[in-house]
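Dear colleague,

Please find the structure below, handed over for your own work. My findings on its aromatic rings and on one of its pockets follow.

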Amino acid sequence: MSEADPNSVSAGLVCRVCGEPARSLTAWRCDCGEPFRLLDNPEHSRFAALQIPELGQGETPLIPAPFEGAGRLHLKLEGANPSGSFKDRGMAVLVGLAVKCSAPEVICDSSGNAAAAIAAFASAAGIGCRVFVPAETSEGKLRQIEAYGADLVRVPGDREDAARAAQAAANESFYASHYWHPCFALGTRSFAYEVIEQFSGNLPDHIVFPVGHGSLYLGAVSGFLSAARDRNIAPPRCHVVQTRACQPVVQAVSKSTALAKTVATLAEGIRIPEPLRLPEILTALGATGGCALAAEENSILHWWRRSARGGVLMEPTSAVALAGLEALHSEGVIGDKETVVVPVTGHGLKVL
C-alpha cells in the first residue's frame with residue numbers, strides 16, 4: 001500500500017503475543033486482548049509524513065544539576081514542554097496519527113499530564129478531545145485540561161473505571177492512550193536523540209528514570225539502543241526507579257512472590273500497580289544493563305526540596321529518580337566520574 005494509506009497493516013503494529021497485525025493504525029488492542037507493539041523497521045519513515053501539531057515540543061534544556069556534590073549529573077527539563085511534561089512528545093505523535101486517519105476526536109483516560117498533553121495538541125489540531133476522569137479527581141488537576149477546551153467526563157469509581165469507560169467510547173473514536181498505543185513511543189524516542197546531540201554526539205554512561213507505565217523509558221531506550229547499534233558501542237545503562245509504595249517492576253526483577261500492597265505516595269504519576277508493558281520494560285532493562293530499585297518517601301521529599309532550593313521545581317515523581325540515583329551511587333553502580341542524565345519529567349507548578 002502507499003505511504004499515504006493510514007490503515008496499512010504493514011505500518012509495523014503487531015500483537016505482542018499472537019503476532020497478528022493491526023487492522024488499522026487506530027487499533028489500540030488486538031482481538032486476543034493484548035496490546036500491539038511497534039516493529040523496529042524502516043517502515044517508521046511513514047510517520048514522518050504525519051501532520052504533527054507544532055507547539056514547541058522537544059528540544060528541552062539539559063543543564064548541570066544545580067546542587068553541591070552533583071558530580072557529572074545533568075537534568076533534562078521536560079517540564080519545558082508546552083503542557084509541562086514529557087507526555088507532549090508522544091501525544092503530539094498520536095494526535096498527528098489521529099489527523100492522518102481522519103479521526104474526528106481523540107479519547108484518553110487520565111487526570112494528569114497525559115490528559116493535559118492530549119488536550120493541548122488536539123486543540124492545536126482542531127479536533128475534538130474527550131478525557132475520562134474518576135469522579136473524585138481534584139478540581140485543581142482538571143483546570144489545565146479544561147483550559148485547552150477538552151470535554152471532561154467524570155466517571156463514578158476509580159482510575160480503572162475511568163479507563164474502562166474511555167475504552168468503551170474508543171470503539172467509535174481514536175483511543176490515544178500513552179500506554180496502550182505503541183506509537184506514543186515514537187515521540188519519546190526523541191528524548192534519546194536530543195540527549196546525544198546535547199552531549200555532542202556522545203552517549204552518557206547512565207540514564208535514571210522514574211517509571212510507572214514506562215512510556216518515556218521505553219521510547220528513550222529504543223532511541224539509545226538504535227544509536228548504540230549505529231556506532232557499534234554499548235548503550236547507556238538505563239535504570240528504573242519506583243517507590244516503596246508501588247514497585248511492580250522492582251518486584252518482577254527480584255522475582256518477589258509477596259506483592260506489596262500499593263499505598264499512597266508523593267509520586268502519584270508512577271503509582272501504577274500493574275503496568276501494561278511490564279514485559280517490554282524488563283526486556284529494555286536487560287538490553288541496557290539497567291537496575292531497578294525502589295525509593296523511600298522521605299528520600300523523595302528530600303530531593304524534591306533540594307532541587308527546588310537549587311532553582312528547579314519538579315513534580316515529586318521526578319524526584320524519585322534523584323532518590324534512586326543516590327542509592328545507585330552508594331551501591332557503587334554509578335561512579336563519581338561517570339556521566340548521568342535524569343529526566344525532570346514534569347514541572348512542579350502542576351502540583352502546587
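In this predicted model, the count of aromatic pairs comes to five. One of them joins W28 and W180 in an edge-to-face arrangement, with 5.0 Å from centre to centre and 85° between the planes. The two partners are 152 residues apart and belong to distant parts of the chain: W28 lies in the loop between β1 (13-15) and β2 (36-38), and W180 in the loop between β8 (174-175) and α5 (184-198).

Ring pairs connect W28, Y175 and W180 into a cluster.

I turn now to the second largest pocket, which holds about 680 Å³ of space. Its lining comprises 30 residues, and those nearest the pocket centre are R37, L38, L218, S222 and E280. At least two lining residues come from each of β2, α5, α6 (215-231) and α8 (278-288). Of these elements, α6 provides the largest share of the lining, namely eight residues. By residue class, the lining of the second largest pocket consists of 14 nonpolar, ten polar and six charged residues.

With kind regards

Conventions:
Residues are numbered from 1 along each chain as its sequence is written. This is a predicted model: local features need pLDDT of at least 70, side-chain atom pairs count only at pLDDT 80 or more; totals for chains, interfaces and linings use all residues. Side-chain values use heavy atoms; hydrogens and water are left out. Rings of Phe, Tyr and Trp (its six-membered ring) pair if their centres lie within 6.5 Å; planes under 30 degrees apart count as stacked, over 60 as edge-to-face and the rest as tilted. Helices (H or I, at least four residues) and strands (E, at least two) are DSSP runs, numbered from the N terminus. On a 1 Å grid over the protein atoms alone, a cavity is a set of points where a 1.4 Å probe fits but cannot get out, and a pocket is an open set with protein on both sides within 12 Å along at least five of seven lines; lining residues have an atom within 4 Å of a point. Grid points are joined across faces, edges and corners, and a volume is the space filled by probe spheres set on the points. Ala, Val, Leu, Ile, Met, Phe, Trp, Tyr, Cys and Pro count as nonpolar, Asp, Glu, Lys and Arg as charged, and the others, Gly among them, as polar.
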